[in-house]
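User: I have a model open and would like to go through how its chains meet. Can we start with whatever term I need first?

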Amino acid sequence: MQPGVGSLMGLVLARDLRLAFRHWDQVIQPLVFFVIVTTLFPLAISPSLDELRGIAPGIVWVAAMLASLLALESLFRPDVDDGTMEQWTLSGQPLSLMLLAKTLAHWLLAGLPLVIMAPLVGYALGMPESAWPVLVGSLALGTGCLSVLGGIGAALTVSVRRGSVLLALLVLPLEMPILIFGARAVDLAMHGESATGPLNLLAAMLLLFISLGPVAMAAAMRISVES
Amino acid sequence: MWLWFYQLASPPHAYRLLGLWRPWLLWPAIALMVIGVYGGLVMAPADYQQKDAFRIIYVHVPSASLSLMVYVMMAVAAAIGLIWRMKLAHAVAASCAPLGAWFTVLALVTGSIWGKPMWGTWWEWDPRLTSELILLFLYLGYMALRASFDDIQRADRASAILAIVGVVNVPIVKYSVEWWNSLHQGPSISVTSKSAIAGSMVWPLLVLLLAFVLYFGAILCNRVRGEILLRERNTAWLAESSLKS
Amino acid sequence: MNLSEFLHMGGYAPYVWSCYGLTAIVLVGMEWAGRRQLQLAQEKARRRAQMGAQMAVAENPS
């Protein structure tokens, strides 16, 4: 019996979450990385909150980008290594939707914790409370974009040996507009201005990437898996 | 019409035709370059604001235009190669990447040399230069991905996907960088202000742009021929023609 | 307009001439690299074809 599209994605999502929770230590790694990177900046620049406040949006956003990149390495590799992915490509089910479900699972595990943690980190860097809603909103939309773009990169490089540096090289330039809109949105909110413009743009980009990204991911995965 | 198209797509024909076309691109390109450089350096009057420094525009703008045009061409060729499984299109895409990257480097270097007398610094986070820099990163990523596969067919198809994703992203990059820069009060002198450009200043620019396009075409012919040889190394036609020559 | 005035470029000589010089170097370099790549590929193809012909002769000496 063929499962419907919704239940197919649900199955993949549930499977990935279950697998991830068996390795708690790996789930929290991106989050710990995020916090450590944001700690580096006060140490490197100055403990003065007045100085840190000006660059706080940039710090949080760059750290989130790097953390999301770090987690991409394990997005597809285990499934490709143990042959699961090859069976998926042959299963006749829409591969793009299965990969989208996997990306969603990845975002829930590696993106959402950062979004929840961000106000705390922002507070430590002197960000006013009035900017928190925009910080959380921009990160929620932005990390979604990062996960989809990163997913395309991960699918392209999954068969390449030592692909992690290559992955960063491919994905970071593509992600630069997201960084611009995300960090500027927070910056505008901190100065009491309206940030709806960049937030709308981030939402539009998320929709664009979610609608086109899975097709590219599936095409890339088919190339990577065929031997 | 279709027969002609299929013949063009077949590697032996393409190999022969590209060799025939090349001189018709190369020599006009060189002639136009001489005319354009003469027009730009000698005949065009000095700009009233930037004096003779504005003459850098005649090498900067064609390089910058080519860097973007070549990326789009690469992505279109990659898409054709991916959809119709046409080897020739992949050969074109593979040949475009290093050339486009060099045009991007040229645009960056000439832009920053131009910036020194205008802004007083070699590097300013000007929106055009910043998006050129991101474009260079996109080219480098494409070439790195291509180089990381041993099998040429897989390299072709994987890098084709990256080129297509990249070309969707290029307008977003351009727009976001311009928006990002508009939030700051940038330096007041723009290296590409089109306000006070007279006709005698414009025509050398158009001539040089055409010259760059033709020159790129001529180099592309050679590179695509090389890529065809690489992809067809086990075929009979290649062995025959190689033994004859 | 005399030559030294032309070369002087109204005081911007280092900037203008370095831009044109670098552009010329890169353009010529691209052309040279393209030619070289094609030559190497042709040579390789020829050697491959000769090897193939020799092997065919070795297999059926008649």
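Analyst: A salt bridge is a side-chain nitrogen of Lys or Arg within 4 Å of a carboxyl oxygen of Asp or Glu. Here the side chains of R22(B) and E31(C) meet in one, at 2.6 Å from N to O. Keep in mind that this is a predicted model.

User: How many salt bridges are there across the interface of chain C and chain B?

Analyst: One salt bridge is found across the interface of chain C and chain B. There are also five residue pairs in polar contact across that interface, both residues being at pLDDT 80 or more.

User: Which element of chain C gives the most to the side that touches chain B?

Analyst: That is helix α2 of chain C, residues 13–59, which gives 26 residues. By type, the residues on the side of chain C that touches chain B are 19 nonpolar, seven polar and four charged.

User: And how many residues does the contact take from each of the two chains?

Analyst: Chain C puts in 30 residues and chain B puts in 42.

User: What area do chain C and chain B bury between them?

Analyst: About 3,200 Å², with 73% of it on carbon and sulfur atoms. Of the area that chain C buries against chain B, 20% comes from Y15(C), Y20(C) and M30(C), more than from any other three residues.

User: Why quote an area for an interface?

Analyst: The size of an interface is often given as the accessible area lost when the parts come together.

User: Let's move to chain A. What is the closest distance between C-alpha atoms of chain A and chain C?

Analyst: Their closest C-alpha atoms lie 24 Å apart, and no contact joins chain A and chain C. Two pairs of chains are in contact, and chains B and C share the most contacts.

User: Then how many residues are in contact between chain B and chain A?

Analyst: On chain B there are 27 residues in contact with 28 residues of chain A. The two chains bury about 2,400 Å² between them, 80% of it on carbon and sulfur atoms. R154(B), I161(B) and W179(B) supply 23% of the area that chain B buries against chain A, more than any other three residues.

User: Which side chains form a salt bridge there?

Analyst: R157(B) and E226(A) do, at 3.0 Å from N to O. The count between chain B and chain A is one salt bridge. Five residue pairs are in polar contact across this interface, both residues at pLDDT 80 or more.

User: Which elements give two or more residues to the side of chain B that touches chain A?

Analyst: They are α5 (127–147) and α6 (152–182) of chain B. The one that gives the most is α6(B), with 16 residues. On this side of chain B, 19 residues are nonpolar, six are polar and two are charged.

User: New topic: single residues. Is F103(B) buried or exposed?

Analyst: F103(B) has a relative accessible area of 1%, and the cut-off for buried is under 20%, so F103(B) is buried. F103(B) is in helix α4 of chain B, residues 87–119.

User: What is F103(B) in contact with?

Analyst: Leaving aside neighbours within four places in sequence, its contacts include S63(B), F212(B), L27(C) and M30(C).

User: And K102(A), buried or exposed?

Analyst: K102(A) counts as buried because its relative accessibility is 3%. K102(A) lies in helix α5 of chain A, residues 95–124. Beyond neighbours within four places in sequence, K102(A) is in contact with residues including D16(A), D79(A) and W88(A).

Technical notes: Residues are numbered from 1 along each chain as its sequence is written. Chains are lettered from A and ligands numbered from 1 in the order in which they are written. This is a predicted model: local features need pLDDT of at least 70, side-chain atom pairs count only at pLDDT 80 or more; totals for chains, interfaces and linings use all residues. Side-chain values use heavy atoms; hydrogens and water are left out. Contact means heavy atoms within 4.5 Å. Buried area is the accessible area (1.4 Å probe) that two parts lose on being put together, summed over both. A polar contact is a pair of N or O atoms within 3.5 Å; within protein, one must be able to donate a hydrogen and the other to accept it, and residues adjacent in sequence count only if both atoms are side-chain atoms. Helices (H or I, at least four residues) and strands (E, at least two) are DSSP runs, numbered from the N terminus. Ala, Val, Leu, Ile, Met, Phe, Trp, Tyr, Cys and Pro count as nonpolar, Asp, Glu, Lys and Arg as charged, and the others, Gly among them, as polar. Buried means under 20% relative accessible area, exposed over 50%, partly exposed in between (1.4 Å probe, protein chains only).
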